[in-house]
Amino acid sequence: MERVVGKARLTLVQGDITRQKVDVIVNAANPGLMGGGGVDGAIHAAGGPAILEECKAIVARQGSLPAGQAVLTTGGRLPARYIIHTVGPVWRGGDQGEPETLASAYRESLRLAVSRGLKTVAFSSISTGVYGYPVELAARVCLQEAARFLREEGGVEEVRMVLFSSGTMRAFQQALEELMPSPQRWEAPTFVWHVVSLTIVSPTGEARGDEAPRKSVRGRAGRRIDRGRCAILRNGT
Ligand code: AR6
């Protein structure tokens with residue numbers, strides 16, 4: 001599923017973020033940046049020890065990473081060149097600033113990508129696993145912030161949401177459809193209602209020698225059409 005926003009593509013794919021061939025993938029990390037379970041564990045396992053080495057150096061330099069912020073490391077052995085590590089909020093019921101912190105995690109990750117000239121960015125669904133953020137709510141926050149960023153700030157070519165499970169994929173599809181409905185499709189009922197066909201009726205049917213022509217015929221909906229006139233009929237009426 002895909003939408004064009006500004007000059008960029010906003011895409012949803014179901015899959016494994018460690019296999020994405022993009023400039024940078026975004027990890028759902030924790031403040032200590034020491035790896036963990038979920039997508040964080042998968043990224044460290046697939047990318048190798050160089051990632052943890054850089055994470056340790058970052059923490060030694062600037063301390064632990066607050067929720068809503070983002071830092072960049074090598075992609076190690078991953079197909080992606082770099083990894084952005086961001087920390088999402090732990091869900092505590094929704095009135096502890098969770099939506100703002102989650103939006104900040106996406107925004108700061110995108111700003112970091114732009115500042116490093118990285119054009120294709122693949123995100124995991126931040127906070128919706130161990131951190132317990134309800135995915136239907138998180139999907140809306142994520143897509144709203146990504147769309148706002150692409151419209152108002154820009155600088156990337158693709159924001160790709162990589163959703164691991166079919167349930168997460170469905171939640172994001174629904175949120176995207178609500179936020180940016182797909183253009184009307186040319187399906188039969190729509191076609192009937194939207195296309196007005198010009199039907200020119202020859203009122204006499206065929207010319208039949210010197211036989212007196214009929215004065216009128218009936219249109220498809222039984223409407224009378226007089227000789228020498230044409231009628232515009234709405235399909236199906
Ligand atoms: N590719 C894409 N998405 C994945 C993958 C994968 N390989 N594996 C899991 N997911 P989580 P959080 C999805 O728990 O909620 C870690 O221990 C997963 O299905 O990884 O932000 C960190 O160290 C879910 O939809 O991240 C932190 O301590 C989404 O990734 C804590 O968990 C996020 O789930 C962060 O929790």
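**Exercise 1. In this predicted model, find which residues of the largest nonpolar core touch the most other members.**

Solution. Begin with the core as a whole, which in this predicted model holds 57 residues. Among these, Val24, Ile25, Val121 and Phe172 touch the most other members. Next, ask which element supplies the core: helix 4 (residues 135–152) gives the most, with 9 residues. Finally, take valine 24 as an example and list its contacts, leaving aside residues up to four places away in sequence; valine 24 then touches Ala80, Arg81, Tyr82, Ile83, Ile84, Ala113, Leu118 and Val121.

**Exercise 2. Determine which way the residues of strand 5 point, and which bridges join strand 5 to strand 3 and to strand 4.**

Solution. The general rule comes first: in a regular strand the side chains alternate between the two faces of the sheet. Applied to strand 5 (82–86), this is seen in Tyr82, Ile84 and Thr86, which point one way, while Ile83 and His85 point the other way. Then consider burial, where a residue counts as buried if 20 or more other C-beta atoms lie within 10 Å of its own. Because 5 of the 5 residues of strand 5 are buried, the strand is largely enclosed by the rest of the structure.

**Exercise 3. Explain why the buried residues of helix 1 lie on the same side of the helix, and identify what covers them.**

Solution. First list the buried residues of helix 1 (residues 38–47), which are Val39, Asp40, Ile43, His44 and Gly47. They cover an arc of only 135 degrees around the axis, and therefore sit on the same side of helix 1. Just after helix 1, glycine 48 adopts a positive phi of about 90 degrees.

**Exercise 4. Describe the shell of residues around the ligand.**

Solution. Count the shell first: 25 residues surround the ligand, and the closest are Ala28, Asn30, Gly36, Gly38 and Gly129. By element, helix 1 provides the largest share, 4 residues.

Definitions and conventions
Residues numbered from 1 in each chain as written. Predicted model: local features only at pLDDT ≥ 70, side-chain atom pairs only at ≥ 80, totals over all residues. Buried ≥ 20, exposed ≤ 12 C-beta atoms within 10 Å, placed from the backbone. Helix = DSSP H or I, 4+ residues; strand = E, 2+ residues; numbered from the N terminus. Arc of directions from axis to C-beta. Contact = placed C-beta atoms within 7 Å. Near = placed C-beta within 6 Å. Pairing = 2+ DSSP bridges. Core = buried A, V, L, I, M, F, W, Y, C linked by C-beta atoms within 7 Å.
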